[in-house]
Each structure stands twice: as structure tokens, then as C-alpha cells.
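Please read them with the coordinates open.

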Amino acid sequence: MLAIRTKEAPAVRPTTRADGAQQTPDREYFADLMNAVAARQDRDAFAALFAYYAPRVKAYMLRLGAGAALAEELAQEVMITVWRKAGLFDRRQASVSTWIFRIARNRRIDAARRAKHANFDEHDPMFQPEPETAPDEAVSTAEREESVRAALATLPPEQVELLKQAFYDGLSHREIAEKTGVPLGTVKSRIRLAFGKLRIRLGDEDGSV
Amino acid sequence: MSHLARQEALRQRLTSAYAAAALSPALALLVETQAALSPETARDIATADAIGGALLEADAPEALAADALERVFARIAAQDDDDSDRVSFEGAHGEDLARLPAPLRAHAARALSLSGWKFAAPGIRSLSLNVDGDAKAEILRIEPGASAPEHTHDGEEFTLVLTGAFHDHRGVYHVGDIAHADASVTHRPVGEAGPVCYSLAVTHAPLRFKGALGLLQRVFTH
């Protein structure tokens, strides 16, 4: 576990307990830390963000197939971007976790230069079209964030695992099928079903698949 | 499948691959640019990113090197006067490029100052972007009525309309639409009447042109 070596800073709270377990992140607190980095280049606030996120970004990079050295390098680069772009973080738009995930994903795309179609299933519409919604009825970005988390918490574990494999581990549907022994067509329909459930919980009338 | 259904299936296919970090940098740029033009794509990416953010919190941390934070601070200090984000649009059609969706602007400005526009066909010019070692990404400028030589494709070609519109035998492509073509497609894109059509074309293999004009183009551009 990474030790935080910073000067005493009353604004920064420990996010790691003495036994090494991570506490559930306080989203407002992390957003405050981001604002402190943006407003006054607060190194202690950044160190607290680093302690929580850098090891997770490294874990994500390892999942996406980076070797240990590259994962370490990419995690550091992502955190440098977090520092440099802190002014662009907007707590009304996304949580810090979502914002950093986006930076990490895009950094991985730039670094990977993977085979063009390695993870690219032919003619596979995973996302269902959304019905037209009037602007004032549309779910705000922040509400979507909360709804996705609430929905993830109530989905059956096997559906969460499928979404994780497709959206987080970066596996193609074919790779998921090979890994789990479930037929490809079933994998596709189950992912559509799980994503569709998130849509239903986001308030769409037509969550059909 | 209808023209519209094909459009939607392609949009979803690209968006889901983008969310999974499975696209080449050039195609990722195309999806990011489309998200600036299509609320549906922006919403799908936001939803997928929220899933990713929640899973990032839940992931088991992997310890970094003991001095990782110090090294990051040192690298930040070394980069502090970096102003690579600043761009200028000196050159032909620079004003048009400055109005393109945000994800493309810096790429377009850099390409304009480095390589500039190339002749592609009468009324059609291309601006090669330096995005990806493997795939080719270029901005195409098609004047109303201008027609590309009929051609087929060795690999896959994705063309996202940024302004105006163009058509081929399959239908009309408007702002935010993506035309997809591969070896099974021989087509002749034509600029629609109205504003000049700018598009972002990502190609994963050299185009194979048919006919005499195609041959001339190969000679001129190689």
C-alpha cells in the first residue's frame, strides 16, 4: 500500500485505514480536493488524490493488458494529466472517479495502438437507441452518475461482472465468451440486457432490448 | 437494413468499442468528435464512463513505486511552462477549421501548419492528421457537387460528416452521420448542394481506386 508522505494538512483526510482497507470514497470530499488542486495547486490535496486513484489506475491498466512497467508509467501520466487539467474538472458533470477513469481510458487508447479491430465485434449494437426526451426531462449528467451507481448496486452479481468485463476489462464479446464458456450470442444478449436495465433505471420508458 | 438502421448500428458499435478502450487512436478521435455532434453518443459515453468510474473505485489497488508521487511532482515541475495547447489556424480554410468540433481543432491546426491541404479530386481537398501510426485520419473538404472517383476499399473506411452533407448510392450523410465502407462497397461520394462538406475520414488500409481518374490519383499522391 502506498504511504502518503506529506506535510500535515488539515484539509486532507486519510482515505486508507490503518489496516490498509479502503474506505468508501466520499465523492464531495474528492471533488473538494480537485478544486483545491485547480484553485491553488494544492500539493497535499493532490497527494491525497494520488494515494487513492494512482493505484487504481495502475490496476485498470494492468487489466487492459499493460505490463507492470507500462502500467506504472501510464498511471503516473494519468495523474500528471489530473494535475494539469484539474481546472477542467466540473463536479456537476461527473464524479472524480468517472473523470479520472475517462482520462485513464483515453490515455490507454493513445498508448495502446492496439490492433485495429482486436476488440471489435461486427454489427453488434450494444447500446439501445434512446427515445427522444424533452430537454427539461432529460437526466442530468450528475443524476445519471448517481443512477448508474445505484443500478450497479442492485444488479445481480453476474450482470455486474459482464458489464465489468465489457466496459472495464476491455474484453470483446468474443473474448468474454471464450473466457466464460458461454456462447457468443448469449454473451451479446446478456450485455444488452444488463445495459438495458441501467437504461430502465435511468428513467427511460422504453427499456426494451 | 435501412440506411438509418445501419447508421444507428454503426454508431452503437463504435461507441461501445470506444468505451472499452478497444479502438485505435484515429477511430477514438472519430467517436469523440461524433459525441460533440450527437447527444445520443455523448449520453452513451457518459453512461459507460459512469460505470467505469464506479468500477475504478471498486478495483483492488496496485501499489506504485515508492517514489512515484515524488517523480510525478518532478515531472509536473518540468512541464509547467508547456503551452502545447495553444493553436493557430494560419492557412487555407483556417477559419472553417477553427469552427470544427473541439476534439479535432488542435489536430487540424497542427496539420494545417505542417503538411497543409492536398488535392484529392476536382473540388475535393484533404488534410492528413497525425493521429495514429496504423490508421490514416484526414479531414476532407468536399465542395457542393464535387465528386470523388469511384473507389472500393482494402480495409475499412469510416467517414464522419462535420458540416454540410454528401451522398453515395446508399443515401445521404448529414452532420453527425458516419459512412462506413469496406471491400464490399464500391462508391462515389458526391458533395450535396448547400454549405461545403467537411468530414473526418479514418481509413485502416490504402484505398483502391477504380478507373482512369483513380489511377491518376494514385500516381499523384504517391
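Predicted model: local features only at pLDDT ≥ 70, side-chain atom pairs only at ≥ 80, totals over all residues.

1. Chain B. Chain B has 222 residues, and 44% of them count as buried. Its secondary structure comprises seven helices and 11 strands. Take the contacts in chain B with a separation of 6 or more: 64% of them join residues 24 or more positions apart.

2. The core. Which residues have the most contacts inside the largest nonpolar core? They are A:Leu49, A:Phe50, A:Ile100 and B:Leu27, in a core of 110 residues. Helix 2 of chain A, residues 43-63, gives the most to this core. Its share is 13 residues.

3. A:Phe50. This residue is worth a look on screen. Leaving aside residues up to four places away in sequence, A:Phe50 touches A:Met79 in its own chain, and B:Leu69 and B:Val72 in chain B.

4. The contact between chains. Chain A puts 58 residues into the contact, and chain B puts in 49 residues. On the chain A side, five helices each supply at least two residues: helix 2, helix 3 (68-84), helix 4 (96-112), helix 5 (141-154) and helix 6 (157-167). Helix 2 of chain A gives the most here, with 10 residues.

5. How do the residues of chain A that touch chain B divide? There are 31 nonpolar, 10 polar and 17 charged.

How values were computed: Residues numbered from 1 in each chain as written. Chains lettered and ligands numbered in written order. Helix = DSSP H or I, 4+ residues; strand = E, 2+ residues; numbered from the N terminus. Buried ≥ 20, exposed ≤ 12 C-beta atoms within 10 Å, placed from the backbone. Contact = placed C-beta atoms within 7 Å. Core = buried A, V, L, I, M, F, W, Y, C linked by C-beta atoms within 7 Å. Nonpolar A, V, L, I, M, F, W, Y, C, P; charged D, E, K, R; others polar.
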